[in-house]
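Take a look before reading on.

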Amino acid sequence: MKKGLSIAFSLLLVLSLALMGCSGSKETGKEKGGEKKEKTAESGGTMIYARGGDAVKLDPITVTDGESLIVTHQILETLVKYEKETADIVPGLAKDWEVSDDGTTYTFELEEGVKFHDGTDFNADAVVKNFERWMNGKDEAEFPYFVSQFGGFKGEEAAVIKEVKAVDEHTVEFTLFRPQAPFLKNLAMTPFGISSPAAIEKFGDKYIENPVGTGPFKFESWKRNDTITVVKNEDYWKEGLPKLDKVIFKVITDNSARLNALIKGEVDLIDGLNPSDVEKVKADSNLQIFERPSMNVGYLGFNVEKEPFDNKKVRQAISHAINKQAIIDNFYEGTAEPAKNPIPPSINGYNDEIEDYEFDLDKAKKLLEEAGFKDGFKMDLWAMPVPRPYMPNGQKVAEAIQADLEKLNIEANIVSMEWGTYLEKVRDGEAPMFMLGWTGDNGDADNFLYALLDKDSIGSNNYSRYASEDVHKLLIEAQTETDEDKRSELYKEALEIIHDDAPWVPLAHSVPQLAGKSTIDGFFPHPTGSQAFDDVSME
């Protein structure tokens with residue numbers, strides 16, 4: 001991991017600059033080295049990237065899963081983006097911006113001469129049409145990230161964005177109902193990539209299979225549960241990029257089979273490397289290890305609307321019954337640490353003073369008895385069907401949890417299904433207890449707590465359907481607060497309430513391991529998981 005004091009300081013500095021408009025000055029964004037790059041020697045070639053699951057949809061605003069977003073990140077671009085190795089904000093399709101003194105108006109100056117892959121113009125009208133589409137959504141499940149990052153749709157009380165309008169062809173203005181501290185970081189997230197309005201109109205409901213953006217790669221084909229192919233955008237607005245001619249995203253569900261394919265030379269880069277295989281890769285001169293900086297959490301979630309998990313004591317009992325350290329020792333092998341907060345330690349607002357629910361079966365049994373379940377109960381435990389960065393082997397972890405619960409006379413029937421279906425059903429509240437996780441999208445606590453555990457996010461990313469008025473008030477206040485120290489204290493206070501209510505059992509914060517051929521150059525696994533391949537080359 002490349003996390004240190006200098007990066008932490010730079011994150012705070014960027015955020016403070018982004019919010020200077022609230023303290024009587026104006027802020028502008030100019031990219032270091034953000035000028036269009038000079039044309040360099042083209043390396044070309046095809047890179048095959050193997051992962052554990054397929055995409056769900058290829059319209060990024062309609063999904064929350066990383067397997068979809070890593071593909072669409074190559075095709076669509078955002079107004080602002082993250083620096084290559086951190087969550088620092090730099091220009092994207094917008095080359096400059098200003099923020100009003102009260103923090104409620106953002107004016108973006110757009111790049112000129114940029115074309116969508118279908119040949120139509122990228123301009124202010126295109127930006128407006130994308131945001132109008134999202135703002136006029138009818139259901140949280142339709143555009144889940146819009147709700148979780150910007151409060152709600154037009155007409156809803158929690159909505160953050162009031163209006164988006166074109167000032168001229170290359171200038172767009174956002175007006176907010178209230179200041180939002182992480183506004184720029186939210187805009188940089190992959191779900192808010194700008195699509196061709198013409199393509200959205202042309203493909204209609206089929207746009208989820210035919211994405212058209214301005215990015216370095218164009219969508220070519222999708223063979224479900226097998227491969228997605230993107231090809232070089234020959235007219236990309238940044239000269240010299242991308243360096244590859246083609247990227248193929250290939251599904252190989254088993255971690256060991258994926259590594260074997262890499263060793264045999266059938267693929268070039270893999271994620272979801274078993275922690276137990278790290279040394280094997282390091283010993284092979286033809287391969288190299290890539291570590292993604294840790295900004296995630298794997299968790300066991302309760303649907304707090306379903307019996308018996310509507311009883312806080314039941315949730316607390318199970319929190320005492322899960323042996324997190326054993327899970328980490330057996331399935332992460334030194335590449336994770338136990339979690340006690342829903343946010344990782346790298347995020348400002350982490351509450352280290354919270355004492356975790358220690359593994360204590362006696363306490364667990366006492367709480368179950370107090371809740372009226374002395375003899376236990378039967379239930380379904382939904383287990384993730386694919387490896388994810390925060391959980392290398394969901395099925396094995398589920399079996400370990402099943403064994404822990406058996407000691408309380410809780411009979412857990414493990415349930416699993418296809419990944420897309422799993423996500424939809426958990427989102428819709430069908431799972432009583434489930435395993436999931438989250439990789440931070442923008443380096444801000446808001447992206448964990450408001451997105452995952454606020455009442456506004458029920459129906460989008462709040463799969464536990466947890467609703468606390470006290471937590472909600474603290475999270476909204478933290479969104480509007482511009483002082484980072486005050487924001488941190490608000491999040492710590494919210495975390496104390498969440499810890500006591502126990503809608504989750506936070507399990508682990510992992511350091512995801514990837515492996516690739518030694519010939520790969522220019523690849524850095526971004527902490528957000530939304531990986532760019534534009535500057536990657538292969539010898």
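The questions below go from cavities to ring pairs.

This is a predicted model: local features need pLDDT of at least 70, side-chain atom pairs count only at pLDDT 80 or more, and totals for chains, interfaces and linings use all residues. Residues are numbered from 1 along each chain as its sequence is written, and side-chain values use heavy atoms, with hydrogens and water left out.

Q: What is the volume of the largest cavity?
A: A cavity is a set of points, on a 1 Å grid over the protein atoms alone, where a 1.4 Å probe fits but cannot get out. Points are joined across faces, edges and corners, and the volume is the space filled by probe spheres set on them. The count comes to 6 cavities of 30 Å³ or more. For the largest cavity, the volume is about 540 Å³.

Q: Which residues are the closest to the centre of the largest cavity?
A: Lining residues have an atom within 4 Å of a point. The largest cavity has 38 of them, and the closest to its centre are G66, R388, P389, Y390 and T439.
The elements that give two or more residues to this lining are helix 2 (66-75), helix 13 (419-427), strand 17 (433-439) and strand 19 (513-517). Closest to the centre, again: G66, R388, P389, Y390 and T439.

Q: Which element gives the largest share of the lining of the second largest cavity?
A: The second largest cavity has a volume of about 160 Å³. Its lining holds 14 residues, with T62, V63, T64, L423 and R427 nearest the centre. Helices are DSSP runs (H or I, at least four residues) and strands likewise (E, at least two), numbered from the N terminus. The largest share, 4 residues, comes from helix 13.

Q: Why is the pair of W382 and Y422 tilted?
A: Rings of Phe, Tyr and Trp (its six-membered ring) pair if their centres lie within 6.5 Å; planes under 30 degrees apart count as stacked, over 60 as edge-to-face and the rest as tilted. W382 is in strand 15 (residues 377-382) and Y422 in helix 13, 40 residues apart. Their centres are 6.0 Å apart, and the pair is tilted because the planes stand at 50°.

Q: Is Y422 buried or exposed?
A: Buried means under 20% relative accessible area, exposed over 50%, partly exposed in between (1.4 Å probe, protein chains only). W382 has 7% and W419 has 5%. Y422 has 0%, so Y422 is buried.

How values were computed: On a 1 Å grid over the protein atoms alone, a cavity is a set of points where a 1.4 Å probe fits but cannot get out, and a pocket is an open set with protein on both sides within 12 Å along at least five of seven lines; lining residues have an atom within 4 Å of a point.
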